Amino acid sequence: MKQELAKDVYTKLLKKWPDAHCELDYISPYELLIATILSAQTTDIIVNKASPSLFKSYPTAELLAAAKLNDVEELIKSTGFYKNKAKNIIKCANDLVQTYSGEVPKNLKQLIALAGVGRKTANVVLGNAFNINHGVVVDTHVKRCSNLIGLSDETKPEKVEKDLMEIFPNEQWTMLSHLLIFLGRRICIARKPQCSLCPIKELCKSSKVDL
């Protein structure tokens, strides 16, 4: 029964990483929103190296909304796809200023309507900036680990999210994402999974450890 598997997986992962958290650096909902947009198709480490200069130059949505595109591109070039990302974060900042007086909304529908924001980004912001468990953040690590463990057989992120939301309690959704991401980054590495070190090796259907 997947609910029982989910319960056991969550318990063991939480025991292993009780301090699991979002690894993007931020001090406000605005910074988390922009950093999450920048994190698409790159790593949190790269974003964390680029974001301090960006937020030093543009500490508010109002300042970013008024920024010159070339200046922003130069600051975020290392994150990849920087031309499109620069356009998105400036447009997103404009949306925040024009519609929400520069504040980040606490509503999924409103967040998704912002430039450069999809459901995953919205879930990151709601769960981490506002402690609102509206959904499960499904990135490449969460999707891969969920498939390997046997929590979901789906491949599309929105379908994996739906499966996880059905078997994990609402109050666990944000932490669940952190735990699966920690697992995927530290042990269940895509090219070289370290099954012998895995805290849930006896639960995982894909474990290569003889128990």
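Contact means that heavy atoms lie within 4.5 Å of each other. The model is predicted: local features need pLDDT of at least 70, side-chain atom pairs count only at pLDDT 80 or more, and totals for chains, interfaces and linings use all residues. Residues are numbered from 1 along each chain as its sequence is written, and side-chain values use heavy atoms, with hydrogens and water left out.

**View 1. The buried face of helix 5.** Helix 5 covers residues 69–76. Helices (H or I, at least four residues) are DSSP runs, numbered from the N terminus. The buried residues here are Val72, Glu73 and Ile76. Buried means under 20% relative accessible area, exposed means over 50%, and partly exposed is in between (1.4 Å probe, protein chains only). Look down the helix axis: the buried residues fall within an arc of 105 degrees, so they line one face of helix 5. That arc is taken from the directions from the helix axis to the C-beta atoms. An α-helix has 3.6 residues a turn, so residues three or four places apart point the same way. On the other side of helix 5, Asn70 and Glu74 are exposed. What do the buried residues of helix 5 pack against? Their partners are helix 2, helix 3 (44–57), helix 4 (61–65) and helix 6 (82–100).

View 2. Glu73 belongs to helix 5. Is Glu73 buried or exposed? Its relative accessibility is 8%, so Glu73 counts as buried. Leave aside the neighbours within four places in sequence. Glu73 is then in contact with Tyr82, Lys83 and Ala86.

View 3. With 39% relative accessibility, Asp71 counts as partly exposed. Asp71 and Met165 are 94 residues apart along the chain. Their C-alpha atoms are separated by 41 Å.

**View 4. An aromatic pair, Trp17 with Phe182.** The structure holds three aromatic pairs. The ring centres of Trp17 and Phe182 are 6.1 Å apart and the planes stand at 70 degrees, so this pair is edge-to-face. Rings of Phe, Tyr and Trp (its six-membered ring) pair if their centres lie within 6.5 Å; planes under 30 degrees apart count as stacked, over 60 as edge-to-face and the rest as tilted. The pair links distant parts of the chain, 165 residues apart. Trp17 is in the loop between helix 1 (2–16) and helix 2 (29–38). Phe182 is in helix 11 (residues 173–186). Trp17 is buried, with a relative accessible area of 8%. Phe182 is buried too, at 4% relative accessibility. Which residue lies over the face of Phe182? Arg186 does, at 3.7 Å from the ring centre. A charge sits over a ring if NZ of Lys or CZ of Arg is within 6 Å of the ring centre and within 35 degrees of the ring normal.

**View 5. The largest pocket.** Its volume is about 800 Å³. On a 1 Å grid over the protein atoms alone, a pocket is an open set of points where a 1.4 Å probe fits, with protein on both sides within 12 Å along at least five of seven lines; lining residues have an atom within 4 Å of a point. Grid points are joined across faces, edges and corners, and the volume is the space filled by probe spheres set on the points. The largest pocket is lined by 35 residues. Ser39, Asp44, Lys120, Asp139 and Arg185 lie nearest its centre. Two or more lining residues come from each of helix 2, helix 3, helix 6, helix 8 (119–129), helix 9 (140–149) and helix 11. Helix 11 gives the largest share, five residues.

**View 6. Two residues with positive phi.** Most residues other than glycine have a negative phi, and most peptide bonds are trans. Phe81 is not a glycine, yet has a positive phi of about 50 degrees. Phe81 lies in the loop between helix 5 and helix 6. At 54% relative accessibility, Phe81 is exposed. Asn131, not a glycine either, has a positive phi of about 55 degrees. The loop between helix 8 and helix 9 holds Asn131. Asn131 counts as exposed, with 67% relative accessibility.
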